[in-house]
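Subject: Structure for your files, with notes

Dear colleague,

I am handing over the structure below, followed by an account of what was found in it. Please read the notes with the model open beside you.

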Amino acid sequence: MNNQCGTSPIVGFRFTLSPMTSDFVSVIKGALKETDLQNVWRHTDDVSTVIRGRSEHVFDVAKAVLSHATKTGTHVSMSGTFSVGCPGDTMGDNLLDVMTEPVNGRVGAQYVSSQFALYPLGDTQYMDIIYEEIAFAKERGVFNDSMHYASGIHGQIEPVFAFYEATFNRVREKTSHVVMTVTFSVNSPSHEGRTNA
């Protein structure tokens, strides 16, 4: 079953950055300022930021924002929702024509712990799809743990984001409306002993 929910292939990511510091404003604004946003549509309000565009550019920007926010060593959490196939607004659809390589590119070494939940909406075989992606995470060497309502993913920031982008794109080939929620934690005191090399 592959119900058509939306016709636009544009990918969106709405996220909230939470730096664990009293200087959180400068960390958030600094991360957005240091990230090249030319290939995505972006809007920030008093709660969160949303970016929209081609999948490769959305994941590129999300990774860069998290990397910039955490490079000072501050403990930072990023929670957000990736979505494709959602009917509704079309803001940023013109950016689907941006065919260039991602402009932010690779980032520095950084250990990331995260949890994600995958929702292949409208597909009656959704559990099979979810199990396939958990197996895929194990194959990629980034699977951390099973838990209620999520699965743990961890490792260096590059392979972690590579997994999320690959999984999201693999699932969108099977069902038209895909939602993936992710929470990242970087520089947490509980990560003591984890290497960034």
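Arg42 has its place in strand E2, where strands (E, at least two residues) and helices (H or I, at least four residues) are DSSP runs numbered from the N terminus. At 37% relative accessibility, Arg42 counts as partly exposed, a class that lies between buried (under 20% relative accessible area) and exposed (over 50%), computed with a 1.4 Å probe and protein chains only. If residues up to four places away in sequence are not counted, Arg42 touches Leu32, Leu37, Thr49, Val50 and Ile51, contact being taken as heavy atoms within 4.5 Å. Arg42 and Gly53 are 11 residues apart in sequence, and their C-alpha atoms are 9.2 Å apart in space.

Before going further, please note that this is a predicted model, in which local features need pLDDT of at least 70 and side-chain atom pairs count only at pLDDT 80 or more, while totals for chains, interfaces and linings use all residues. Residues are numbered from 1 along each chain as its sequence is written, and side-chain values use heavy atoms, with hydrogens and water left out.

The sheet

Eight strands form an open sheet in the order E2-E3-E1-E4-E8-E5-E7-E6, with antiparallel pairing; two strands are said to pair if DSSP finds at least two bridges between them. Strand E2 (41-44) and strand E6 (143-147) are the edge strands, each of them pairing on one side only. On average, and with direction ignored, neighbouring strands of this sheet are turned by 20° against each other, angles being given between N-to-C directions on a scale from 0 to 180 degrees, with axes fitted as lines to C-alpha atoms and, for helices, over the stretch in contact.

Strand E1 (residues 11-19) runs antiparallel to strand E4 (residues 76-84), and nine bridges join the two. Thr16 has Ser79 in E4 as its bridge partner. Helix H1 (residues 24-34) packs on the sheet, where it touches E1, E2 and strand E3 (49-53), and its direction makes about 150° with that of E1. Helix H2 (residues 55-70) also packs on the sheet, touching E1, E3, E4 and strand E8 (177-186), with a direction at about 175° to that of E4.

Ser26 has its place in helix H1 and counts as partly exposed at 37% relative accessibility; its C-alpha atom is separated by 9.4 Å from that of Ala69, 43 residues away along the chain. Ser67, found in helix H2, is buried, with a relative accessible area of 13%. Leaving aside neighbours within four places in sequence, Ser67 is in contact with Val107 and Ile157.

Strand E7 and its partners

Strand E7 (residues 150-156) is mostly covered, since six of its seven residues are buried. Strand E5 (residues 111-121) pairs with E7 in the antiparallel sense over six bridges, and in this pairing Ser113 has His154 in E7 as its bridge partner. E6 and E7 also pair in the antiparallel sense, over four bridges, with Ser146 standing opposite Ser151 in E7.

The hairpin of E6 and E7 has two residues between the strands, and Tyr149 is found in that loop. Tyr149 has a phi near 70°, a positive value in a residue other than glycine, and at 77% relative accessibility this tyrosine counts as exposed. Asn187, found in the segment after E8, likewise has a positive phi, of about 65°, although it is not a glycine. As background, most residues other than glycine have a negative phi.

Helices H3 and H4

Helix H3 (residues 126-140) and helix H4 (residues 157-172) pack at an angle of about 150°, with their axes 11 Å apart. H3 and H4 are therefore roughly antiparallel to each other, the term being used for angles over 145 degrees. The residues of H3 that meet H4 are Ile129, Glu132, Glu133, Phe136, Ala137 and Arg140, and those in H4 are Ala162, Phe163, Ala166, Thr167, Arg170 and Val171. By class, this contact of H3 with H4 has seven nonpolar, one polar and four charged residues, with Ala, Val, Leu, Ile, Met, Phe, Trp, Tyr, Cys and Pro counted as nonpolar, Asp, Glu, Lys and Arg as charged, and the others, Gly among them, as polar.

With best regards

Key
Parallel < 35°, antiparallel > 145°, perpendicular 65-115°, else oblique.
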